[in-house]
Amino acid sequence: MLVPKQKPKAIITDVDSTLTERTTWYELTERLGGSSYAHADLFAKFLRGEISFHQVKKDLFKIWNANGPVHRDKLIEIFENIPLRGEAFSLINQLQEDGYTLCLISGSIDMFVTQIAKKFKINHHYGNSIFHFDEDGYWVELDYSQDEELLKMEQFNDFLEKTGFKEDECIAIGDGDNDRKMFGRVPGIIVNPKSDHLKELAWQEVKFLPRVLQLLESIQ
Ligand SMILES: [Mg+2]
């Protein structure tokens, strides 16, 4: 477990199940009229090595397109309506007011992460799945990096390089297994833990986001 040695300057936060209540992927599937259980089942099969990623994608597109092809505008509308935790707004606003640099590093959908970043004027943001559209604006493909933890590390390195912050000037907030490597590099605050592995690595644990502010204040 890493402990902060000085007041941090940058806060790196996960998005899904940290700032949102639920996984964005399942929200998306349901809002397109599909079953999040069928979606979860496909992904579990993939993780167990029973089906290829190519096959998962093919089956998922069938679920997503069950009510017809999905246009970019529809996705934008869906992402705008996916709720953040009520306390996420006040946390982000307060952190910005207090002068922290924020960075979103998420294994979630890049379009969604970008929309949150725009809403809060967060300059540094990284997602994972990149969506591709045909010339009429219909969603036809997605790129997904299967090693979410490794991708998060590459994105964190990019953030450090761009901003000039050192690792010991950062604190991370997250909830799940894909935050483990991050918590291995900077002190981590775990939100509503679902991952016991991450819990072991966390500096602190919070149930509600505003507690993060108190923890940051407590650092000498
Ligand atoms: Mg998460």
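What share of the contacts in the chain with a separation of 6 or more comes from residues 24 or more positions apart? Hi everyone, the figure is 53%, with two residues in contact if their C-beta atoms, placed from the backbone, lie within 7 Å.

A quick word on the source. This is a predicted model, where local features need pLDDT of at least 70, side-chain atom pairs count only at pLDDT 80 or more, and totals for chains, interfaces and linings use all residues. Residues are numbered from 1 along each chain as its sequence is written.

Now the overall build. The chain has 10 helices and eight strands; these are DSSP runs numbered from the N terminus, helices being H or I with at least four residues and strands E with at least two.

Let's look at the open sheet. Its six strands run in the order β3-β2-β1-β6-β7-β8, with parallel pairing, and two strands pair if DSSP finds at least two bridges between them. At the edges sit β3 (124–126) and β8 (204–206), each pairing on one side only. Inside the sheet, β6 (residues 170–174) pairs with β7 (residues 188–191) in the parallel sense over three bridges; there, Ile173 has Ile189 of β7 as its bridge partner.

On to the hairpin, friends. β4 (residues 130–133) and β5 (residues 139–143) are antiparallel, with four bridges, and Phe131 is partnered by Leu142 in β5. Five residues separate the two strands, and Gly137 in the turn has a positive phi of about 90°.

Finally, the C-alpha atoms of the chain fill a box of roughly 55 × 35 × 30 Å, taken along the principal axes.
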